[in-house]
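These are my notes from looking through one structure. I went from topic to topic and wrote down what I looked up.

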Amino acid sequence: MTQPDPIRSNALDNESIQHGFFTRTGGVSTGMFHGLNVGLGSSDDRQDVLENRRRVAECLHVSPDHLLTVHQIHSPDVIEVTEGWSNEDRPKADAMVTTLPGLALGALTADCGPVLFCDPKNRVIGAAHAGWKGATGGVLENTIDAMVGIGAARTDITAVLGPTISSNAYEVGPEFVERLIDMNPTNKDFLSPSTRHGHAMFDLPGCIL
């Protein structure tokens, strides 16, 4: 049986804190969800999703009911995790922080950016889902603020961005360009010309960083 083989970052290596950016490898889902689909909100077979989540939890050395994900809504909202929840009672948010040992916080992404945060000294972790709305709306800054609020030191936090859509694959229309620049004129730095008139290529990883 193939096992999950997550991508790991040297920047987050720590003996007492596990992490990983999981790919399709090591899952049981089939068809369009082929691989390690852990999305509870997807139309994938429920038992396959639960088995995939069990494998991810095992890889992170937590029990399956301690692998926590939220109902992501492309918001700047962050919640502090003080206890676990059932898969049916996932809160709506796009980032989580906690000081509780034995929990794994997960962010589910396709094109969006998964960002993992860690302050190993003060034992505070966070995970955020950052699409363009979240990245420009403050979800990453809010995650850091929430971590500081529960005991992290800003200067001790490391944040790592996982696999994300590249600017070469992210073409946006004129309405998006106008909206992005109206939000903040400096956002133009994340736009480059497209081959189509009025369109642009958006650098989401650059925006997140």
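**Entry 1. The second largest pocket.** I looked up its volume in this predicted model, and the second largest pocket holds about 150 Å³ of space. Next I asked which residues line the second largest pocket. The lining is made up of Ala135, Thr136, Leu140, Glu141, Met183, Asn184, Thr186, Asn187, Phe190, Cys207 and Ile208. I sorted the lining residues by kind: six are nonpolar, four are polar and one is charged. Three helices, α2 (132-137), α3 (139-149) and α5 (204-208), each give at least two residues to this lining.

**Entry 2. The cavity.** I then searched the whole structure for cavities of 30 Å³ or more, and the search gave one. The largest cavity has about 30 Å³ of space in it. Its lining consists of Val70, Gln72, Asp94, Ala95, Met96, Gly106, Ala107, Ala127, Ala128 and His129. Which elements give two or more residues to that lining? I found β3 (95-98) and β6 (124-130). The largest share comes from β6, with three residues. By kind, the lining of the largest cavity has six nonpolar residues, three polar ones and one charged one.

**Entry 3. Thr69.** Thr69 sits in the loop between β1 (67-68) and β2 (78-80). Is Thr69 buried or exposed? Its relative accessibility is 5%, so Thr69 counts as buried, the cut-off for buried being under 20%.

I listed the contacts of Thr69, leaving out neighbours within four places in sequence. The list reads Leu40, Arg53, Trp85, Arg90, Met96, Gly106 and Leu108. Two entries in the list, Met96 and Gly106, I had already written down for the lining of the largest cavity. With Arg53 there is also a polar contact between side chains, at 3.2 Å. I checked one distance as well: the C-alpha atoms of Thr69 and Ala127 are 9.4 Å apart, while the two residues are 58 residues apart along the chain. Ala127 is also among the residues that line the largest cavity.

Entry 4. For Leu191, I noted Phe202 in β10 as the bridge partner.

Terms used:
Residues are numbered from 1 along each chain as its sequence is written. This is a predicted model: local features need pLDDT of at least 70, side-chain atom pairs count only at pLDDT 80 or more; totals for chains, interfaces and linings use all residues. Side-chain values use heavy atoms; hydrogens and water are left out. On a 1 Å grid over the protein atoms alone, a cavity is a set of points where a 1.4 Å probe fits but cannot get out, and a pocket is an open set with protein on both sides within 12 Å along at least five of seven lines; lining residues have an atom within 4 Å of a point. Grid points are joined across faces, edges and corners, and a volume is the space filled by probe spheres set on the points. Helices (H or I, at least four residues) and strands (E, at least two) are DSSP runs, numbered from the N terminus. Ala, Val, Leu, Ile, Met, Phe, Trp, Tyr, Cys and Pro count as nonpolar, Asp, Glu, Lys and Arg as charged, and the others, Gly among them, as polar. Buried means under 20% relative accessible area, exposed over 50%, partly exposed in between (1.4 Å probe, protein chains only). Contact means heavy atoms within 4.5 Å. A polar contact is a pair of N or O atoms within 3.5 Å; within protein, one must be able to donate a hydrogen and the other to accept it, and residues adjacent in sequence count only if both atoms are side-chain atoms. Two strands pair if DSSP finds at least two bridges between them.
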